[in-house]
Amino acid sequence: MANKYSVILPTYNEKRNLPIIIYLLAKTFKENKLDWEVIIVDDASPDGTQDVAKQLIKLYGAEHIQLKPRAGKLGLGTAYVHGLNYVTGNFVIIMDADFSHHPTAIPQFIALQKEQDFDIVTGTRYAGDGGVYGWDLKRKLVSRGANFLASITLRPNVSDLTGSFRLYKKDVLAKIISVTKSKGYVFQMEMMVRARSLGFTIGEVPISFVDRLYGESKLGGDEIVGYLKGVWNLFTSV
Ligand SMILES: Nc1nc2c(ncn2[C@@H]2O[C@H](COP(=O)(O)OP(=O)(O)O[C@H]3O[C@H](CO)[C@@H](O)[C@H](O)[C@@H]3O)[C@@H](O)[C@H]2O)c(=O)[nH]1
Ligand SMILES: [Mg+2]
């Protein structure tokens, strides 16, 4: 069977970013002669993101773009779980819709996956020539601190635990999701810890994470508290 790559794209108020990210995804997949689809999981964005998504379905075709909305803002982790239900490909790519994750890295993820038959390939901002651009000191410290805390307590041996730009074998993602308990941003970290304890192989590709141009981050204080609780729960259970 030929490979098919399904992108799960969670959106909340991404009206301005969505057309461009879809354009770049379509371009990347076409140029690399890959079979693809994007599943947009929108949580009832008040800015009209879903109207834009519907236009994009007309433009690119329902075989390439699916819109799978939810009734309210239910969090990033459960958005992936929801999107996975509609995946028709054998590989899944998870990424943000605001260009912090650039589609040009996708062919590199795919090449590395093929090279060693990795179960997961994760983008990393914290190894090789990866990096973060456009964040203030506070946000940098939160991200570094979150990674440091989880890596010393849980030792998953992955250099970027909290990033979400990743490629998974579909069955592997389904397995990991079935044992992952977190609902918010902490989901990314828990998934890597679970993947390691299940014995899955993880490759890393350095990426540049550039902060969004349009709109605001949805990372707030409650997500940070949720993260700390998540580390603690894993530390006392795994
Ligand atoms: N459907 C849905 N989508 C959401 C929600 N919250 C955020 N999103 C979408 O998820 C993506 C990431 O959200 P941002 O608000 O842009 O996150 P960030 O602060 O830039 O955080 C990034 O860095 C974190 C830490 O490294 C990552 O954990 C996170 O996944 C993301 O890559 C965007 O496409 C955004 O629209 C939600 O509750 N529901
Ligand atoms: Mg962002």
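UniProt positions are quoted in the numbering used here, with feature names shortened, and such annotations may be inferred rather than shown by experiment. An unreviewed UniProt entry lists residues 6–176 as "domain: Glycosyltransferase 2-like". The model described is a predicted one, in which local features need pLDDT of at least 70 and side-chain atom pairs count only at pLDDT 80 or more, while totals for chains, interfaces and linings use all residues. Residues are numbered from 1 along each chain as its sequence is written, and chains are lettered from A and ligands numbered from 1 in the order in which they are written.

The chain has 8 helices and 9 strands; helices (H or I, at least four residues) and strands (E, at least two) are DSSP runs, numbered from the N terminus. Along the principal axes, the C-alpha atoms fill a box of roughly 50 × 40 × 35 Å.

Burial was assigned from C-beta atoms placed from the backbone: a residue is buried if 20 or more other C-beta atoms lie within 10 Å of its own, exposed if 12 or fewer, and partly exposed in between. By this criterion 42% of the 238 residues count as buried. Two residues are in contact if their C-beta atoms, placed from the backbone, lie within 7 Å. Among contacts between residues at least 6 apart in sequence, 84% join residues at least 24 apart.

A nonpolar core is a set of buried Ala, Val, Leu, Ile, Met, Phe, Trp, Tyr and Cys residues joined through C-beta atoms within 7 Å. The largest such core has 57 residues, of which Val-7, Ile-8, Leu-9, Val-38, Ile-39, Val-92 and Ile-93 touch the most other members. Helix α7 (residues 187–197) gives the most to this core, with 6 residues. Leaving out residues up to four places away in sequence, Val-38 touches Val-7, Leu-9, Ile-22, Leu-25, His-64 and Ile-65.

Strand β5 is largely enclosed by the rest of the structure, because 5 of its 5 residues are buried. Strands are taken to pair if DSSP finds at least two bridges between them. β5 pairs with β7 in the antiparallel sense over 3 bridges, with Ile-120 opposite Tyr-168. The pairing of β5 with β8 is parallel and runs over 5 bridges; here Gly-123 stands opposite Val-205.In helix α4 (residues 106–116), the buried residues are Ile-106, Phe-109 and Gln-113. They cover an arc of only 60 degrees around the axis, which puts them on the same side of α4; the arc is that of the directions from the helix axis to the C-beta atoms. The face turned away from this buried side carries the exposed residues Ala-111, Lys-114 and Glu-115. Cover for the buried residues of α4 includes α1 (18–31), β4 (91–94), β5 (120–124), β7 (166–169) and β8 (202–206). Asp-117, which follows α4, has a positive phi near 50 degrees.

Helix α3 (residues 76–84) has Leu-76, Gly-77, Ala-79, Tyr-80 and Gly-83 buried. Seen down the axis of α3, these residues fall within an arc of 160 degrees, so they line one face of the helix. Among the elements covering them are β1 (4–11), β2 (35–42), β4, α6 (170–179) and α7. Gly-77 of this helix is buried, with 24 other C-beta atoms within 10 Å. Apart from its neighbours within four places in sequence, Gly-77 is in contact with Ser-182, Lys-183, Gly-184 and Phe-187. The C-alpha atoms of Gly-77 and Ile-152, 75 residues apart along the chain, are separated by 23 Å.

Most residues other than glycine have a negative phi. Asn-13, in the loop between β1 and α1, has a positive phi near 55 degrees. Asn-13 counts as buried, with 20 C-beta neighbours inside 10 Å. Phi is also positive for Arg-155, near 45 degrees, in the loop between α5 (137–154) and β7. Arg-155 is exposed, with 11 other C-beta atoms within 10 Å.
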